[in-house]
Amino acid sequence: MRIEGWEKRRQEVTRNSIFMINFADIMEKTKIEGHAAVLMANVIFGLGIPVTKLLLDGWVSPMAYMATRCIGAAAIFWLISLFLPKEHVERRDLVVIMLGGLLGFVISQTLTAWALNFTSPTYFSFIATLTPVATMVCAALFIGEKFTMRSALAVNLAIAGALLLVFVNWQDSQGSNDLLGIGLAFLSLLTWAIYLIITRKVSAKYTAVTQMKWVFLVSTIAVLPFSWGDLQEARLYSSAWQWSGALEMGFIVVFATVAGYFAIPFAMRYLKATTVSIYTNLQPIVASLVAIGIGQDVLTWDKPVALVIVLLSAYIVTKKD
């Protein structure tokens, strides 16, 4: 009887061990998927910086730009949701999702558009490198997220990598009002950091499509009254439109809005807000590489070095995430 008892206990321990191994494998897989999603999102956002500048310079005003993004993304996400199982959202969570949408998209991206209207992508990229710092400080203040020496090292490396890139061309800015543009860029990153924090819990409860369909619905309602006149006057929506402008706006709506904002809440199901914000430092590097590819910049030693430093910072802060 004693032998049978030990055998039964051994089998139970074995089953539990197998379960724990499988659970660990699943967690590791989802964490990798989270990193892949946030990496993809920030590559897309980086591409969106020079594309946005092209649109603002020749085709639309900042408000017409925002209205197009809101309407297009809302239509796409609601269409996708029709083919997915219906997901019930608690009223309190819906308020958080909508508030997050107003902060993380309407306010943050409107400020981004106006910032790029007044300053250059180089200056804007400089301010964007401060996003992980703002997120880490806000997370520590508001939700008690632990601030470690590892995190501090990663953030400092990320900032160093991005600043290495932008300081090389610091004197090349030709913005119409750099001081105003920099101030708007700082407000943009601050609202984005708060968005990452306040939506952390709801991001773990609901699918990205469910969240984003409500985010862009409330965003459309909020933006449209202030942008209707700009939409009617936009060159992109007049007889002077061209395929180049339409394709640029199509990229912003489909990739920099729908795909990017789908990936962020997906990643936040498995990663901390600070981890997600670290990847923001890829944006100025991607924007610079795009400029090289289209002949607006040249390849210099600082760009690949900056890329390696930023990726190293992301690895350090997430190694024991």
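Helices (H or I, at least four residues) and strands (E, at least two) are DSSP runs, numbered from the N terminus. With that in hand, let's start the tour.

This is a predicted model, where local features need pLDDT of at least 70, side-chain atom pairs count only at pLDDT 80 or more, and totals for chains, interfaces and linings use all residues. Residues are numbered from 1 along each chain as its sequence is written, and side-chain values use heavy atoms, with hydrogens and water left out.

**Stop 1: the whole chain**

Show the protein chain as a cartoon. You will find 13 helices and zero strands. Next, colour by burial, where buried means under 20% relative accessible area, exposed over 50%, and partly exposed in between (1.4 Å probe, protein chains only). Of the 321 residues in the protein chain, 48% are buried. Now think about contacts, meaning heavy atoms within 4.5 Å. Among contacts between residues at least 6 apart in sequence, 91% join residues at least 24 apart.

**Stop 2: P132**

Select P132, which is in helix α5 (residues 131-142). Is P132 buried or exposed? Its relative accessible area is 1%, so P132 is buried. Which residues is P132 in contact with, leaving aside its neighbours within four places in sequence? They are V155, S277, I278 and N281.

**Stop 3: Q211**

Jump to Q211, in helix α9. Q211 has 3% relative accessibility, so it counts as buried. Not counting residues up to four places away in sequence, Q211 touches I97, V202, S203, Y206 and P265.

**Stop 4: W78 and its partners**

Time for some rings. Rings of Phe, Tyr and Trp (its six-membered ring) pair if their centres lie within 6.5 Å; planes under 30 degrees apart count as stacked, over 60 as edge-to-face and the rest as tilted. The structure holds twelve aromatic pairs. Select W78 and W214: the ring centres are 5.2 Å apart and the planes are at 80 degrees, so this pair is edge-to-face. W78 lies in helix α2 and W214 in helix α9 (residues 208-233), so the pair ties together parts that are 136 residues apart in sequence. W78, at 28% relative accessibility, counts as partly exposed. W214, at 23%, also counts as partly exposed.

A charge sits over a ring if NZ of Lys or CZ of Arg is within 6 Å of the ring centre and within 35 degrees of the ring normal. The charged end of K213 sits over the ring of W78, 4.6 Å from its centre. For another example, select R235 and W59: here the charged end of R235 sits over the ring of W59, 4.2 Å from its centre.

**Stop 5**

On a 1 Å grid over the protein atoms alone, a cavity is a set of points where a 1.4 Å probe fits but cannot get out, and a pocket is an open set with protein on both sides within 12 Å along at least five of seven lines; lining residues have an atom within 4 Å of a point. Grid points are joined across faces, edges and corners, and a volume is the space filled by probe spheres set on the points.

The second largest pocket contains about 160 Å³ of space. Its lining includes W78, P85, E87, T207 and K213. Helix α9 gives the largest share of that lining, three residues.

**Stop 6: an aromatic cluster**

Select F45, F77, F105, W192, Y195, F216 and Y261, which form one aromatic cluster. Both F216 and Y261 are buried.

**Stop 7: the largest cavity**

How many cavities of 30 Å³ or more does the structure hold? There are three. About 330 Å³ of space lies in the largest cavity. Of the 23 residues that line the largest cavity, the closest to its centre are F45, Q109, T112, F124 and Q283. Colour the lining by class, with Ala, Val, Leu, Ile, Met, Phe, Trp, Tyr, Cys and Pro as nonpolar, Asp, Glu, Lys and Arg as charged, and the others, Gly among them, as polar. The lining then shows 13 nonpolar, nine polar and one charged residues.
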